[in-house]
Amino acid sequence: MDVRKLALGLVGTGLALLPGIASAQALMCHVPGKVERPRPDLPGAKEPRRIMPIGSYTLALTWSPGFCRAHGDEPENRFQCGQGARFGFTLHGLWPDGETRSWPQYCADTRILPPAQIKSMLCATPSAQLIQHEWAKHGTCTSMSPAAYFGTARRLYDAVRYPDMEGLSRGALTVGRFKARFAEANRGIPADAIRVTVTREGWLDELWLCLDKGLRYEACRPGTGGAADGSALKIWRGGRR
């Protein structure tokens with residue numbers, strides 16, 4: 001697999017992704033000198049604490065142009081969706097899964113993360129609140145420290161490569177074909193280790209990549225989410241609707 005950083009350009013208000021295997025992650029990202037202090041993220045009636053053994057992991061990646069199409073006008077998404085940044089796939093998080101269809105969450109009380117930790121992740125996960133949430137809900141259920149948890153998630157994220165998103169967005173596409181193209185760009189990630197989530201209108205939303213307890217990619221268990229391979233898939237490239 002070619003792990004060189006490839007240059008990515010911008011055309012107008014959209015994203016122009018170079019053809020071939022590319023790193024479509026932070027296309028333009030300038031971390032502010034002072035980061036927003038996140039709110040505490042705690043368990044509640046809708047999101048209760050669940051402590052259970054870890055059976056596997058999910059690496060969740062968000063297609064940022066699609067996210068900003070739907071949520072770019074919301075004030076809390078200014079950094080991700082404003083004029084000063086451009087993103088391709090962003091890191092939603094590294095989620096420990098259970099041994100059944102349930103999963104552990106909010107396993108321990110936690111303090112607000114230090115600003116330095118948040119800054120180190122902003123060009124991968126462009127939201128201080130989401131970074132806090134991922135640690136509180138998911139990271140506390142691992143045996144890792146915040147630095148180790150985010151470092152592990154970031155290494156996995158940085159190693160992922162992507163197909164020609166520009167080209168795929170311009171033709172007829174199914175979820176199954178997208179998974180095949182994604183697997184071609186990543187020899188260590190088979191197509192059956194990929195779940196693709198879509199919006200109600202069929203736009204690409206997220207990729208959920210399945211890993212075993214040793215953080216090796218493996219086939220996803222049946223019934224754990226994602227659109228059917230035969231479903232039509234649309235990719236929003238960026239810019240205004």
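Here is a short chat about some rings and a pocket in this predicted model.

User: What makes tyrosine 162 and phenylalanine 182 an aromatic pair?

Analyst: Start with the count, which comes to ten aromatic pairs. In this one the ring centres are 5.8 Å apart, and the cut-off for a pair is within 6.5 Å, so they pair up.

User: And why is that pair called edge-to-face?

Analyst: Look at the angle: the planes are 65 degrees apart.

User: Where do tyrosine 162 and phenylalanine 182 sit in the chain?

Analyst: Tyrosine 162 is in the loop between helix 5 and helix 6, while phenylalanine 182 is in helix 7. They are 20 residues apart, and the pair links distant parts of the chain.

User: Are tyrosine 162 and phenylalanine 182 buried or exposed?

Analyst: Both are buried, which means each has under 20% relative accessible area. They also belong to one aromatic cluster, together with Trp63, Phe89 and Phe178.

User: How do you know that tryptophan 203 and tryptophan 236 are edge-to-face?

Analyst: Their centres are 5.3 Å apart and their planes are at 80 degrees.

User: What does the tryptophan 203 and tryptophan 236 pair tie together?

Analyst: Tryptophan 203 lies in the loop between strand 7 and strand 8, and tryptophan 236 in the segment after strand 8, so the pair ties together parts that are 33 residues apart in sequence. Both tryptophans are buried.

User: Why do you say that the charged end of arginine 69 sits over the ring of tryptophan 236?

Analyst: The charged end is 4.7 Å from the ring centre. The rule asks for within 6 Å, and also within 35 degrees of the ring normal, so being listed as sitting over the ring means arginine 69 passes on both. Arginine 50 does likewise with tryptophan 103, at 4.7 Å from the ring centre.

User: What do the buried residues of helix 7 pack against?

Analyst: They pack against strand 6, helix 6, strand 7 and strand 8. Among those buried residues are Phe178, Lys179 and Phe182.

User: Now the largest pocket: which residues lie nearest its centre?

Analyst: Glu76, Asn77, Pro126, Ser127 and Ala128, out of 28 lining residues. The pocket's volume is about 670 Å³.

User: Which helix gives the most to that lining?

Analyst: Helix 4, with four residues. Overall, the lining divides into ten nonpolar, ten polar and eight charged residues.

Definitions and conventions
Residues numbered from 1 in each chain as written. Predicted model: local features only at pLDDT ≥ 70, side-chain atom pairs only at ≥ 80, totals over all residues. Heavy atoms only, no water. 1 Å grid on protein atoms, 1.4 Å probe; cavity = no way out; pocket = protein on both sides within 12 Å on 5 of 7 lines; lining within 4 Å. Points joined across faces, edges and corners; volume = space filled by probe spheres on them. Helix = DSSP H or I, 4+ residues; strand = E, 2+ residues; numbered from the N terminus. Nonpolar A, V, L, I, M, F, W, Y, C, P; charged D, E, K, R; others polar. Phe/Tyr/Trp six-rings, centres within 6.5 Å; stacked < 30°, edge-to-face > 60°. Buried < 20%, exposed > 50% of the residue type's maximum accessible area, 1.4 Å probe, protein only. Contact = heavy atoms within 4.5 Å.
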